[in-house]
Amino acid sequence: MALLRSVTRTPLGNALYRRLLSSVVVERGFSSGGNVGTTEQMNLIRQLRDRTSAPIKEVKSALVDCHWDIEAAQRELRKRGQVVASKKSLRTAAEGLLALAQNGGKAAVIELNCETDFVARNEIFQYLALALAKQALLVENPSNQVSGIFHMGPEHLEGLNLKLEHPKISGETTVQNAITEVAAIMGENVKFRRGYAMCASSHGVLSTYLHTSPQPGLGRIAGILCLEVEDENSQLDALRRVGSELAMHIVAAKPLFLTKELVTPDALESEREILKSQAETSGKSQMAIDKMVEGRLRKYMEEVVLMEQKFVVNDSINVKTLIGNLSKEVGSSVKIGNFFRMEVGEGIQRNEALSVPEPVAQAV
């Protein structure tokens, strides 16, 4: 099919495509078109394939079974596609895209997975991802929080209605049916994995960044944060500028915690044990080992705590200093309210092997 699509880009390729369609139509069992002529059969095959992207063999079979009624054949393909998609639903889907939608003080990002990067580059897959992000933006916070981050699983979206306006997937349907239909068209397992939404406080400014973005609103890694300012009349341009840079920093630096105080005791103890084991191999005294561990713990904090990290845009300062400078610039105290980082496919293999919960790609 990929070869067929590539050859149709030239006059010679179009001629080869027409010859292929002709051979398809006159095959035994596919020329019984009643009052439908051979040329019209070829046109119907071409139209239905353009509409659905289904394999030619399936297209011609559906048209014959439906007596060359293209609308009925398209419905038949959708029915067959749902069966095909259900058979593929157990296959690992670790590729895909993140899609981001934002409206004022709220941003939502979703992860739509597929099996290969080839499908992730398909315009139909990308259209669906953006449509799901827009739908996620409308989901009410289940915890009724005024601000903060909340998680959306498949149960929050799959039953919702979705209006699609793409040439190959259009009309009103549910989110789950739309995913199933796209899976059938793509010939791969396609699944909505998770979503997150962040709401800004009344004096907050949301900033976002998408890495490896094939088009606006899509990417493979997302960074989102909210900068909160005491004076609502502060310079919003400065907040947005620094917020955008910090969103990019979050993607690049992979912080796990906002401040040192928020580092969990389990994470700290686990890192301490690792560093202690490493230090003991040096053969030094216990006092020297303890000093080595504490020094490396400080380094660990600089690596995983956002406020302690070197700012990727200007590594002569850390994020804490950056926020302090911004507060002076706008004439009001500024702080990072919430942030999170999300990446396509993170944790999927681990989850399948160990059956542990989805990774929470956030820190508050």
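Author: Among the contacts in the chain between residues at least 6 apart in sequence, 64% join residues at least 24 apart. The model is a predicted one, and its chain holds 14 helices and 13 strands, with buried residues making up 46% of the 364 residues.

Let us turn to helix 13, which has 12 residues and should span 16 Å at 1.5 Å a residue; the C-alpha atoms at its ends are 16 Å apart, so the expectation and the model agree. Within helix 13, the buried residues are Val319, Leu322, Ile323, Leu326, Ser327 and Val330. Seen down the axis of helix 13, these buried residues fall within an arc of 140 degrees, and they therefore line one face of the helix.

What, then, covers the buried residues of helix 13? The cover includes helix 10 and strand 9, together with strand 10 (310-311), strand 11 (314-318) and strand 12 (334-343).

Helix 10 deserves a careful look. Two packed helices are described by the angle between their axes and the distance between the axes. Here helix 10 (residues 236-253) packs against helix 13 (residues 319-330) at an angle of about 170 degrees, and their axes are 10 Å apart. Because angles over 145 degrees count as roughly antiparallel, helix 10 is roughly antiparallel to helix 13. On the side of helix 10 the contact is made by Ala238, Leu239, Arg241, Val242, Leu246 and His249, while helix 13 contributes Val319, Leu322, Ile323, Leu326, Glu329 and Val330.

Val312 lies in the loop between strand 10 and strand 11, and its relative accessible area of 40% makes it partly exposed. Leaving aside residues up to four places away in sequence, Val312 touches His249, Ala252 and Ala253. Val312 and Leu246 are 66 residues apart in sequence, yet their C-alpha atoms are 8.6 Å apart in space.

Strand 9 (residues 221-229), another part of the cover, includes Glu228. Is Glu228 buried or exposed? Glu228 has a relative accessibility of 16%, and because buried means under 20%, Glu228 counts as buried. Apart from residues up to four places away in sequence, Glu228 touches Ser201, His203, Gly204, Ser333, Val334, Lys335 and Gly337.

Note on methods:
Residues numbered from 1 in each chain as written. Predicted model: local features only at pLDDT ≥ 70, side-chain atom pairs only at ≥ 80, totals over all residues. Heavy atoms only, no water. Helix = DSSP H or I, 4+ residues; strand = E, 2+ residues; numbered from the N terminus. Buried < 20%, exposed > 50% of the residue type's maximum accessible area, 1.4 Å probe, protein only. Contact = heavy atoms within 4.5 Å. Axes fitted to C-alpha atoms, helices over the stretch in contact; angles between N-to-C directions. Parallel < 35°, antiparallel > 145°, perpendicular 65-115°, else oblique. Expected span 1.5 Å × (residues − 1). Arc of directions from axis to C-beta.
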